[in-house]
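Subject: Structure for you to take over

Hello,

I am handing this structure over to you. Please have a look at it first; what was found follows below.

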Amino acid sequence: MSTTLYTDAMLVNEGSISRGWLLTDGERISTLGQGDVPVGITADTVRDCSGLYLLPGVIDVHVHFRDPGLTEKGDISTESRAAVAGGVTSYFDMPNTRPATVTRRDVDDKLARAAAVSEANYAFFIGATDSNLDELLAADYTRVPGIKLFLGSSTGNMLVDDESALERLFAEAPAIIAVHAEDEAVNRAARERLQAEYPEGIPVELHPELRPAKACVEATRHALALAERHGARLHICHVSTADELQLIAEAKRRGVRVTAETAPQYLLWDAADFLSKGARIKCNPSIKQASDRLALLRALLPGGPIDLIATDHAPHLLSQKQGDALTAVSGMPMVQFSLPVMLDLFDSEPELEGQSISRVAELMCHAPARVFGVKDRGFLRQGAYADLTLVERCPGGWKVSDSDVVSRCGWTPLEGMTLGWRVVDTVVSGGTGASPLAFSL
């Protein structure tokens, strides 16, 4: 096997930042240490990493790579390349494709497709419906990260609204239930009110009213109650409101088995930004108010209710993003720029003062591996897979452009933004190529 020695890097791992070195042997980390490379350690390739920070590869537990059935927007090949360009070495893809991933065969089909074309390590959620509990119970959760449940409709409607089916799912599910938490009745009432008020079209800046905070809060409350009643393992996706954070924190104190994620878009922007960004920042759940954004930033601190960052990467063609709050599609590509964005936020946001790049590694590398039981990834450890990301500070910054985008959709909501960090290189399994992720039950 080929060996590679990374020297003079700033190793970022498990709460520490230290100058050191790391040796890979094939797909695994052979050994690593602080300071200079000890005498006697050699490699086929030596890479000088002076001025660079070396992190474990990012694990993005929430992406929509649009394959199969929506591949005009992106596919496993194009979107995994975008992931690797952004320092992401592993991803969990969501089931709302066409057809939806709701059977074991659907999962197998996606795994086969990824084995042929993916450039990052991969896994695929199986989706819940009102009638597929038998499939969910029979799935192999050493290969599947969990069950995705939509309590609100979004792209590719997989809404589960049968209460008896929900009770059975939470009572019997042998895996994490990852929930898109929006109350459909609340959203429907808001939509009907706004359509009556704006018969010519609902302005895009009213998207936070079209999909209001109350919808998220009520659905999260419902999911937490189900999890508490049945002892289920619950993960709340893309948290977007301050009130949800309070519910989740209180549930954790009561011993409810719940974890939560938020996404960079909810930390970067608030409702006022629709006036300049328009539908480029339209996503479900909607981006909320400035007070919600500040609460979400504070929730990233150690001990806060947010466990990890995921992108909800959801590419659409820019032509599909035209229209009003109802007609422009929801979702944005984020996987390529999520790591530099988070590094910038931890440098610049007063709410995160005193934190460092090591906290970003916790939220984007360590915690995803720990929460979902990803085997041998997410850490710089002897014997772990050599999933590595090298990043650098950019004095003066660099400006993001649509022309930088690797995703098939060809645009980014960050267009025109200056970032102070850049991904220099991404190494997947020591350079041996992508493979399916494995999970500990």
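Strand β10, residues 147–150, pairs with β11 in the parallel sense, and four bridges join the two. Please keep in mind that this is a predicted model. Across this pairing, Leu-149 stands opposite Val-179 of β11.

Strand β11 also pairs with β12 (residues 234–236), again in the parallel sense, over three bridges. Here Val-179 stands opposite Ile-236 in β12.

Next comes a sheet elsewhere in the chain. Three strands, in the order β6-β7-β8, form an open sheet with parallel pairing. Its edge strands are β6 (58–63) and β8 (121–124), each of which pairs on one side only. From one strand to the next, the twist averages 20°. Between β6 and β7 (residues 88–93) there are four bridges, in the parallel sense. One of the partners can be named: Val-58 has Val-88 in β7 as its bridge partner.

The aromatic residues are the next topic. The structure holds nine aromatic pairs. One of them is Tyr-91 with Phe-124: the ring centres are 6.4 Å apart and the planes stand at 85°, so this pair is edge-to-face. Because Tyr-91 lies in strand β7 and Phe-124 in strand β8, the pair ties together parts that are 33 residues apart in sequence. Are these two residues buried or exposed? Tyr-91 has a relative accessible area of 0% and is therefore buried. Phe-124 is also at 0% relative accessibility, so it counts as buried.

Phe-124 has an aromatic pair with Tyr-122 too, and this one is tilted, with 6.3 Å from centre to centre and 40° between the planes. Tyr-122 is buried, as is Phe-124. Together with Phe-65, the residues Tyr-91, Tyr-122 and Phe-124 form one aromatic cluster.

Last, two arginines lie over aromatic rings. Arg-377 lies over the face of Tyr-385, 3.6 Å from the ring centre. Arg-422 lies over the face of Trp-398, at 4.7 Å from the ring centre.

Regards

Definitions and conventions: Residues numbered from 1 in each chain as written. Predicted model: local features only at pLDDT ≥ 70, side-chain atom pairs only at ≥ 80, totals over all residues. Heavy atoms only, no water. Pairing = 2+ DSSP bridges. Axes fitted to C-alpha atoms, helices over the stretch in contact; angles between N-to-C directions. Phe/Tyr/Trp six-rings, centres within 6.5 Å; stacked < 30°, edge-to-face > 60°. Buried < 20%, exposed > 50% of the residue type's maximum accessible area, 1.4 Å probe, protein only. Lys NZ or Arg CZ within 6 Å of the ring centre and 35° of its normal.
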